[in-house]
Amino acid sequence: MKTALITGATSGIGEACAHLFAQQGYRLILVARRQDKLEKIAKHFADKYAVEIKTLIADVRDKAVLSTVLEVLPEEWKAVDVLINNAGLSQGLEPIDKGDTDDWDTMIDTNVKGLLYVTKIVSNWMIKHQKGHIINIGSIAGKEVYPNGSVYCASKHAVDALNKGMRLDLLPHGIKVTAINPGMVETEFSVVRFKGDEEKAKKVYDGFDPLQAIDIADAIWFAVSRPAHVNINDMLIMPTAQASAGLVNRK
Ligand code: NDP
Ligand code: 8X3
């Protein structure tokens, strides 16, 4: 029985991964803040695919809570095969002189520090069991920088660096590390970026076919399902209509 731990499983890419990994027979540890949503998703996939699913209600920024909910897991659940560091967000889209410093804190604390806190705990479990695969969800924003997005882009550039660093540090333990870097994916991401303004969020995906969360879950599954001697270091996955962070061919 294989085990996957997925952060940010209440929506978008994380939820699609929970679906796909449950379908593949993995038992799951799902982490997010919205309890009702997480429990509903867990029950649905557990019933549908007859797999065990544990839900952990935690904010990845809160290292004390995170440590408590993870460390109390039964020992056999700590033999995690796949960690998907997915929880993340963008808040605001403003030039550097106008950005909200609270938004900056939220992005850096979630996308960078939250990812680190989870990785510290789970990589120690992986080292103990001498197995594991860490998937870090980066972004095109970790490869390029676009106007008004400098702090989100900086946080994803940090994920890019951490992905490479983890691979170096965990090499002696045989732990695989993969970066999955999507372009525009239609999820709750833009609603969160625009702080609940659904109209504005919808316009982001107007006139072209953006990626869907399942496209990214599929790519993650491809990386995870390679033979033991093969590691996918880094995948950059774009909608066909998007050539770079800022260039989209809209009809
Ligand atoms: P969604 O907004 O749909 O999902 C984000 C998930 O992260 C939710 O489940 C949310 O759950 C969780 N989350 C956010 N903050 C926290 C936190 N502090 N603690 C725990 N969980 C948290 O967006 P996506 O699925 O699109 O985003 C997933 C990842 O993909 C992010 O890292 C994002 O940066 C990245 N990405 C997205 C792209 C896109 O275009 N959509 C493109 C490239 C990368 P809850 O609110 O319940 O805590
Ligand atoms: C999310 C994609 O282009 O909005 O990481 O930065 S983008």
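A: Phe21, Tyr26 and Trp221 are linked into a cluster by ring pairs. The model is predicted, so local features need pLDDT of at least 70 and side-chain atom pairs pLDDT 80 or more, while totals for chains, interfaces and linings use all residues. Residues are numbered from 1 along each chain as written, chains are lettered from A and ligands numbered from 1 in written order, and side-chain values use heavy atoms, without hydrogens and water.

Q: Why is Tyr26 called buried?
A: Buried means under 20% relative accessible area, exposed over 50%, partly exposed in between (1.4 Å probe, protein chains only). Tyr26 has 6% relative accessibility and therefore counts as buried.

Q: How do you know that Arg27 lies over the face of Trp77?
A: The criterion is NZ of Lys or CZ of Arg within 6 Å of the ring centre and within 35 degrees of the ring normal. Arg27 is at 4.4 Å from the ring centre of Trp77 and is listed as lying over its face. Arg226 lies likewise over the face of Phe222, at 3.9 Å from the ring centre.

Q: Which residues is Ile135 in contact with, leaving aside neighbours within four places in sequence?
A: Contact means heavy atoms within 4.5 Å. Among the partners of Ile135 are Val82, Ile84, Ile180 and Ile220.

Technical notes: Phe/Tyr/Trp six-rings, centres within 6.5 Å; stacked < 30°, edge-to-face > 60°.
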